[in-house]
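Work through the exercises below with the model open beside you. Each task is followed by a stepwise solution.

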Amino acid sequence: MDGQSIDEPLLLSRGAGSVRKTPLFVSWAKWSLKFVIWVVFIAWVALIFLFPAQFVNQVFEKWIQATSGSVFGITGSIFMVFSAPILVIAFLSVAYLIISGEDQELHEKKASKHPSFRLWTFPVLVDGPFGVVSATEFIGILLFLLFVIWAVYAYSMQILSSLSQYQFSLKQKSCYILEVLGLRFGSIGLYCLAFLFLPVARGSVLLRLIDIPFEHATRYHVWLGHLTMLLFTLHGLFYVIAWAIEGNLLQEILEWKDIGVANLAGVISLSAGLLMWLTSLYPVRKHKFELFFYTHQLYVVFVIFLALHVGDFIFSIAAGGIFLFILDRFLRFCQSRRTVDIISAKCLPCGTVELILSKPANLQYNALSFVFLQARELSWLQWHPFSVSSSPLDGKYHLSVLVKVLGEWTAKLKENILNSSEAELQEELHLRPQTKITASVEGPYGHGLPYHLMYENLILVAGGIGISPFLAILSDILHRVREGKPCLPRNILLVWAVKRSNELPLLSTVDMESICPFFSDKINLEIHIYVTRESEPPLEEGKIHKNMNSSPSPMPNGCSMSVLVGTGNNIFSGLYVISSTLGFVILIGLLDIFYINPFGISSWWYKGLLFVICMLASVFIFGGLVVGIWHLWGRNATREECEDDRMRMLQDNETAAHKDQSSQQNLASSTNTYYGSRPDFKEIFGYVSEKWGRVDAGVIVCGPPPLQSSVATEIRSLNVRRQRRHPIFHFNSHSFDL
């Protein structure tokens, strides 16, 4: 048995050796890249923020005059100012990620002797339309609102000052104010649109650089989406009112100019945007998810007709973020074409479905990752996110997810698995069952660094199926302790609230003693379970629950997950971004040299269409070449692993039947189960404060919004009135809420 004391952080365990230090040159290169990235980003944001100011407009006009004589014309000049900076940041991010390597920062991480507050883990708003908002997010929200208010004020002052130059009647003055103000609202909307697509590029190098996982970034997309559509709606509404006052509403709406904006294209784009906006509101999204999902595919119509509406040079203001989204979308399309082996599919006693998916050894993920799953027998278009329930150290050739039946799609999935189990006799007779599941996977996505390993003291709060990622976390920590890998946690408190006791066997899917023998000598683990809708233990408590149905055989013609994911190989993903971007510049240059300039093409809408076509073609042609090479590399790398994959999983399935009993027995001593009550977080955190003392305590919450709000409220209260001897609690949400 390991003699390591539980009073020492488990940064290093038996066999780990010394902490690996980064070479001086690598540290210098990383620091330099980060410095340049911050300089470019701050300069870009400052330009957008100050652009409504008149003096900045004058400087910009001089820039246009000085550079518009190039091959790329005025479009190139505007693109360089508004879109090129974000692409430059993407290039630099690629270099930074390649230099950093895998798990480098984790190896360098040490426990802090003095707890400290962190803006990104300190909850400021804990309830309301934004949900739980950290101090960093709150600052971001304020900056965007401040920008909109400032821009509206600056443009309004310019409009009022220009009125003195003209002799207008009251009607003319009203129409002029409405039209110019509508134009300015559209401009502000375009500046917001430059950011809108960045958070939904799931494998984006930008999100990986700042370590914002996709499930967090979707919130920023939602917030920006509401703001952007509000601005675009005001843009269209002001024009409609002005045209109605002038008496030519229908004529203006149907107008499609060659020189100038095409109004009808704008109406179509705005209509698509409004449909997406209305169906993305929380009540619709929650109760009619399919309606939300399908109407959101109208983003294609929205973007294309926006380009037709404003032309290439205005569209180039927001083109950078849209281009990065196209890169991510094409890569996701390529990855999702592959059919993935479902090595094991079984229904647990509580009705939850466990799927074990085949993956290549060189496809990396961590315990906080998400995957998007599609079952073609259920829907060709619907993709649903699930957090992984396995640790990457559980096996190189598979990952698992837990799926709770909550809607129509998940109910059909469970039914399909039950029917597949009944068809096992046909499989034995070499007949193909009619209920086979054909799965496709996108991902994995998530934090680049497993932040659950960054805290010596860890509190995990789960609601229902929210236990899924914490099963992966517990397994990951135990594997690392056993194998001597970098791992800080030594005090772990798991708080789990469930409705019924039939969900309790989910905890037994992690055989802790088997993963790390005598783990209780190495880490302090406490588990508090709250069964909220049962007042007392059921009569059959202690009985081993067996899986109801299982379909453990892999599909005969399937394969493992594709390595074509933005969070995968840094070199290939970097080459993909760089080659596509350079290809876009080349195509635009060739188009200008051999077509637009020689033939005098001047139609705004047509040039906007050509601009979008070049964006798409550069990704398909230049990026597609890299993706093809990447695919061949991945296929060759995994060819020899295929047989090992199947043999390993068969062994895993043989031992799975014996997991439940031993796991339940080993957990009994550290588990307290409370019936008919809900977690009292004031009492729980008060107990932890006295027991753990003056430390940094990481809190990870996975569950419904009310659970997150309750935990965040208590953390905020304790941190604000914290006594010196008590911990600082750091709030982290791991809930995916589309």
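## Exercise 1: A surface patch

Solution. Areas follow the Shrake-Rupley method with a 1.4 Å probe, and for residues only the protein chains shown count as cover.

Helices (H or I, at least four residues) and strands (E, at least two) are DSSP runs, numbered from the N terminus. Phe594 is exposed, because its relative accessibility is 58%. The classes are buried (under 20% relative accessible area), exposed (over 50%) and partly exposed in between, with a 1.4 Å probe and protein chains only.

The model is predicted: local features need pLDDT of at least 70, side-chain atom pairs count only at pLDDT 80 or more, and totals for chains, interfaces and linings use all residues. Residues are numbered from 1 along each chain as its sequence is written, and side-chain values use heavy atoms, leaving out hydrogens and water.

## Exercise 2: The whole chain

Task: state how many helices and strands the protein chain has, and what share of its residues is buried.

Solution. Start with the elements: 25 helices and 15 strands. Then burial: 54% of the 738 residues count as buried. The protein chain exposes about 33,500 Å², with carbon and sulfur atoms supplying 63% of that area. Last, contacts (heavy atoms within 4.5 Å). Among contacts with a separation of 6 or more, 80% join residues 24 or more positions apart.

## Exercise 3: Charged pairs

Task: count the salt bridges, then say what the pair Glu137 and Arg219 ties together.

Solution. Side chains of opposite charge can pair when their charged atoms come close. The cut-off is a side-chain nitrogen of Lys or Arg within 4 Å of a carboxyl oxygen of Asp or Glu. The count is 12 salt bridges.

Take Glu137 and Arg219, whose side chains meet at 2.8 Å, N to O. Glu137 lies in helix 6 (residues 135-163) and Arg219 in helix 9, so the pair ties together parts 82 residues apart in sequence. Glu137 is buried at 14% relative accessible area, while Arg219 is partly exposed at 25%.

Now two further pairs. Lys346 and Glu354 form a salt bridge at 3.2 Å, N to O, and both are buried. Glu483 pairs with Arg482, their closest N and O atoms being 3.2 Å apart. Glu483 is partly exposed at 34% relative accessible area, and Arg482 is partly exposed at 33%.

Finish with the network: salt bridges link Arg202, Asp328, Arg332 and Glu442.

## Exercise 4: A buried loop residue

Task: is Val565 buried or exposed, and which residues does it contact?

Solution. Locate Val565 in the loop between strand 12 (549-551) and helix 20. Val565 counts as buried because its relative accessibility is 1%. Beyond neighbours within four places in sequence, Val565 contacts Leu331, Gln335, Leu363, Gly443, Pro444, Tyr445 and Trp630. Glu442 is 123 residues from Val565 in sequence, yet their C-alpha atoms are 7.5 Å apart.
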